[in-house]
Amino acid sequence: MRIELMEQIEHVPMLPETVQKVEAVFNDSNATVSDMANAIKDDPIITAYILKTANSPLYGLSRTVNDIATAVSLLGREAVRTFTIASAANSCMELDLSPYGMSKDTYLARSQLQNALVSRWVSKVDRSLLAHLSLASFLLELGKVVISRYLIESNQSALLSSNLEKGISIKQAEIVACGSKSEDVTATLFFRWNFDPDLVHLIRFANEPEDASDPETQEMAKFLKVAKEAISLDGKITDDTLKNAHELIEEYGMNQNLFDEAVEKVLAAA
């Protein structure tokens with residue numbers, strides 16, 4: 001990773017106190033729904049974001065959510081923790097992804113779609129995996145925001161955008177442009193924010209699950225890799241992206257029916 005990119009990561013603000021409170025509650029096995037709600041209630045921006053996101057059709061709730069306690073009860077602690085951190089993370093930087101040809105709205109919609117797909121899918125396979133996968137799937141692309149800022153400020157945006165237009169893979173285009181994959185940038189940012197090392201490793205291996213030495217990290221990274229393949233850069237699930245996802249599922253020996261059921265529900269709500 002180039003020194004200038006590392007410096008860009010160092011300039012990203014630390015997350016607010018609300019995130020620290022939510023993390024403490026999330027990691028406390030004895031914490032209640034009220035404890036989680038109390039950790040959030042005094043932050044109006046994060047509260048508004050959680051309620052807006054929770055009421056998205058992507059999450060399939062049967063009724064409107066008007067308060068945090070109901071959101072925790074209906075969606076689970078993993079989802080509310082994810083929405084809290086996503087709100088804080090996406091608010092601490094300007095979301096200009098023009099080097100990728102992405103708008104702010106497309107970036108946010110893609111992140112939410114990826115999270116909804118992974119959450120629906122993993123909850124049918126092994127809900128215990130959601131502790132890391134919910135957050136990782138929502139903020140996996142955060143590194144693209146940092147890379148974009150670095151390229152814009154150094155007047156090198158065309159180095160990335162031109163290679164993407166030529167059909168070069170995102171991974172290779174990023175390495176050429178800044179010497180690092182966006183997943184590595186996200187992982188480094190999460191390390192700086194003092195998140196669980198297992199979560200950091202999971203994000204780092206999201207593109208190459210087979211390189212993870214820990215079997216559990218490898219298993220979880222496969223879900224992220226499949227979800228990334230299933231959704232295009234412009235935030236769409238297409239026949240081509242599903243074909244790529246199905247090929248990976250077959251390679252990994254995963255249950256395609258459970259994946260397809262999650263895709264069907266997400267597409268119906270999108």
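Reader: How are helix 7 and helix 14 oriented to each other?
Author: The model is predicted. Helix 7 and helix 14 (residues 215-230) pack at an angle of about 135 degrees, with their axes 10 Å apart. Angles of over 145 degrees would count as roughly antiparallel, and 65 to 115 as roughly perpendicular. The two helices are therefore oblique to each other.

Reader: What is the handedness of the crossing of helix 7 and helix 14?
Author: The pair packs at about 135 degrees. The crossing of helix 7 and helix 14 is right-handed.

Reader: How many residues in the contact of helix 7 with helix 14 are nonpolar?
Author: Helix 7 supplies Arg-110, Gln-114, Leu-117, Val-118, Trp-121, Val-122 and Val-125, while helix 14 supplies Phe-223, Val-226, Ala-227, Lys-228 and Ala-230. One residue of this contact is polar and two are charged. The nonpolar residues number nine.

Reader: How is helix 7 oriented to helix 16?
Author: Helix 7 spans residues 104-125, and helix 16 spans residues 256-269. Their axes come within 9 Å and cross at roughly 140 degrees. That makes helix 7 oblique to helix 16.

Reader: How many charged residues are in the contact of helix 7 with helix 16?
Author: From helix 7 come Leu-113, Ala-116, Leu-117, Arg-120, Trp-121, Lys-124 and Val-125. They meet Leu-258, Phe-259, Ala-262, Val-263, Lys-265 and Val-266 in helix 16. This contact has ten nonpolar residues and no polar ones. The charged residues number three.

Reader: Which residue's backbone oxygen does the side chain of Thr-241 reach?
Author: Thr-241 sits in helix 15 (residues 239-252). Leaving aside neighbours within four places in sequence, Thr-241 is in contact with Glu-229, Ala-230, Ile-231, Ser-232 and Lys-236. At 2.8 Å, its side chain reaches the backbone oxygen of Ala-230.

Reader: Is Thr-241 buried or exposed?
Author: Its relative accessible area is 9%. Buried means under 20%. So Thr-241 is buried.

Reader: Is Thr-70 buried or exposed?
Author: Thr-70 lies in helix 5 (residues 68-75). Beyond neighbours within four places in sequence, Thr-70 is in contact with Arg-63 and Val-65. The relative accessible area of Thr-70 is 16%, so Thr-70 is buried.

Reader: What separates the C-alpha atoms of Thr-70 and Ser-34?
Author: Thr-70 and Ser-34 are 36 residues apart along the chain. In the model, their C-alpha atoms are separated by 9.8 Å.

Methods:
Residues numbered from 1 in each chain as written. Predicted model: local features only at pLDDT ≥ 70, side-chain atom pairs only at ≥ 80, totals over all residues. Heavy atoms only, no water. Helix = DSSP H or I, 4+ residues; strand = E, 2+ residues; numbered from the N terminus. Buried < 20%, exposed > 50% of the residue type's maximum accessible area, 1.4 Å probe, protein only. Polar contact = N/O pair within 3.5 Å; in protein donor to acceptor, adjacent residues only side chain to side chain. Contact = heavy atoms within 4.5 Å. Axes fitted to C-alpha atoms, helices over the stretch in contact; angles between N-to-C directions. Parallel < 35°, antiparallel > 145°, perpendicular 65-115°, else oblique. Nonpolar A, V, L, I, M, F, W, Y, C, P; charged D, E, K, R; others polar. Left-handed = near helix turned anticlockwise from the far one by under 90°.
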